[in-house]
Amino acid sequence: MKFHVLLSPIKIGTMEVKNRFVVPPMATGLALPNGNPTEGHITYWAARAKGGYGLLIVEATAIDPLGKGSPWDEPGIWDDKFIPAWKKVTDEVHKYETKIAIQLHHAGRQTTHDKIEGQPVAPSPIPCPVEREMPRELTTEEVYDLIEKFGDAARRAREAGFDAVEVHGAHGYLIAQFMSPYSNKRIDEFGGDFMSRMRFPVQIIKNIRRKVGNGYPVIFRISGDEVVPGGRDINDSRLVARVMEEAGVDAIHVSCGVYATTQYIIAPAAVPPGFNVYAAGEIKRAVNIPVIAVGRINEPLLAEDILESGKADLVALGRESLADPELPNKVAAGLTEEISPCIGCMQACAGYLFDPTKPNISCLVNPFTVREGELTIEKTEKPKKVMVVGGGPGGLEAAWVSAKRGHEVTLYEKENVLGGQYRIGAIPPTKQDILKAIRYYITMGKKYGVEYKTGVEVTEDLIAKENPDVVILATGGVPLVPNIKGINNPKFVKAVDILEGKKEVGMNVLIVGGGMVGVETADFLGEHHHNVTIVEMLPEIAKDEQDAVKYFLLERLNKYGVKAVTGATVKEFLDDGVVFEKDGKEERLTGFDTIVLAMGAKAYNPLEEKIKGKVPEVYVVGDAVKARKALEAIEEAARVAIKI
Ligand code: SF4
């Protein structure tokens, strides 16, 4: 497959971009509390520049301390003091003939007082329905002051070596709040009719032009559709694009959603690839400047098709660039089967973004991402004989990374097929992209010489016979079957056996356990027209699913009429149901044809104790340590593989 358009250059204003691959702005969590970029920014952006992306757009960067909105420390550009640190980032990127822009940002009401040490500001005193803090209405004078601040920030960006700026008018932040009738109820010159609501972004562009001149490229980002009642739809956005072209922007970058609809800003696998391309196409028909499409563009063929069919001029690969910083180089070299795929799981990107215990984003499939300065795959000086036990995600990752380093690696899997629980996890609706990740790991392993032995159960004797230097135990977990009266009924089935097609299921199904495995099994059975009820001990089902994933999952369960009894502790299993306790009262759920057990998992680690002291190095990773998710298994495996 040739990717002629993707690999061809394009001009945004005066800036020539070597190809059509863009890395869009994504909050990384790498900035210091004072807003300065760090060494982490340098290595993160250098990896994508080296990987062949034509244009990089640095994450939302505050033009004013009151405009910070990131869950982490947001980088800043509100003062000249930031220029030297940003210059280090742009200098590094320019070594690879890649262009770099920075996104100028003010969150407006989509923030909280703890992030900005003050009350949020907005066009009107209407709270964001997600952040739910009453903002202070900006005075007219303050609005003019902010227009100056955007212009000053652009001037600093140019001095710091950025090739362009992107003005953040998307996702419901301050500029979008001014443009939207949903949040702008002003009666001064910045409110009222459409053109008055557009006065704020138009004046920002004019101010930027005054401070950086006509030749400096300015991109404007909008949400084509805000997907909220009373918000802006694509027809209004076409008018916005026309006005902004007239105001002097050089390109329009078309995203989607506001905070109330974050499931479209960062869309999970339930949302089809390229779901937002239609919006870019609509904007493109309205303007004569380049348009950048974004939103689950996760395969080069899709990207090429978007460009060839004239729906956009450039494609922004956000999470795909987290999964694979080298994607453009691989496309150019014809190595598309070596692309590390974004599977839309949301776990280490959006999942970490909203998890206060995590320092920055990363990627489930590629744990090296955003940790480029910390985790590197170096050639080993002492090649070792490595036995990897288990062909699930942890084992597969450990194997290919170890082999890439130059070790002699054999991976053993007791089943006849690789993938472990991860392969089964790909079976429920919307999860199929997991298979792409499994195939990717196998491809990379084969490339670096991993020998895969399937259908082989590793024993102490086999390890003694092979005499390896290193054993990595990635034996995974097994379903948990707690000691509850009646649970050992041979009629009962395990969720994994249903997903694998090993067991028949009756029409009326009771799933015991509403965690990830239980709800995804319910999704699978609901899609196949079974009547499903879930009984769960916690107050809610799907508690361990990421928010956006859960949004669409619950929508489907609702559609299938899946019932959930929560806060219910099962006390006894009956032949056709359960006895449970809820709010101190004992109740029964009966009349089911099939009872499905999805009550969690426990570690399966039968070899560690037996081989300790007999093999020079033994490591245990993933569920074999403690039952968790593939996310932890892959990261632990990578960390072991780079140190052996
Ligand atoms: Fe994609 Fe999942 Fe990686 Fe996020 S964590 S970039 S959704 S594969």
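1. Start with the second largest pocket. Its lining is made up of 50 residues. Nearest the centre of this pocket are T262, I265, I266, L353 and F354. Keep in mind that this is a predicted model.

2. The volume of the second largest pocket is about 1,000 Å³. By class, its lining has 27 nonpolar residues, 14 polar ones and nine charged ones.

3. Which elements each supply at least two residues of that lining? Two strands do: β4 (55-62) and β5 (99-105). So do the helices α9 (262-265), α12 (318-323), α14 (350-353) and α21 (547-559). The top contributor to the lining is α9, with four residues.

4. Why does the second largest pocket lie between domain 1 and domain 3? Domain 1 covers 10-325 + 344-353, and domain 3 covers 493-599. Both give residues to the lining, so the pocket lies between them.

5. The structure has three cavities of 30 Å³ or more. The largest cavity holds about 100 Å³ of space. It is lined by 16 residues, and the closest to its centre are C342, C345, C349, C363 and L364. That lining splits into 12 nonpolar, three polar and one charged.

6. What takes up the largest cavity? The ligand does: the space it takes is that cavity. Around the ligand stand R319, C342, I343, G344, C345, M346, A348, C349, C363, L364 and V365. By class, this shell has nine nonpolar residues, one polar and one charged.

7. On the annotation, UniProt lists residues 6-337 as "domain: NADH:flavin oxidoreductase/NADH oxidase N-terminal", in an unreviewed entry. In the model, this span is 36% helix and 16% strand. The C-alpha atoms at the ends of residues 6-337 are 17 Å apart.

8. A further UniProt listing, also from an unreviewed entry, is "domain: FAD/NAD(P)-binding" for residues 384-623.

Key. Residues numbered from 1 in each chain as written. Predicted model: local features only at pLDDT ≥ 70, side-chain atom pairs only at ≥ 80, totals over all residues. Heavy atoms only, no water. Near = heavy atom within 4 Å. 1 Å grid on protein atoms, 1.4 Å probe; cavity = no way out; pocket = protein on both sides within 12 Å on 5 of 7 lines; lining within 4 Å. Sits in = over half its atoms within 2 Å of the grid points. Nonpolar A, V, L, I, M, F, W, Y, C, P; charged D, E, K, R; others polar. Points joined across faces, edges and corners; volume = space filled by probe spheres on them. UniProt positions renumbered as here; feature names shortened; annotations may be inferred. Domains from an automatic or database assignment.
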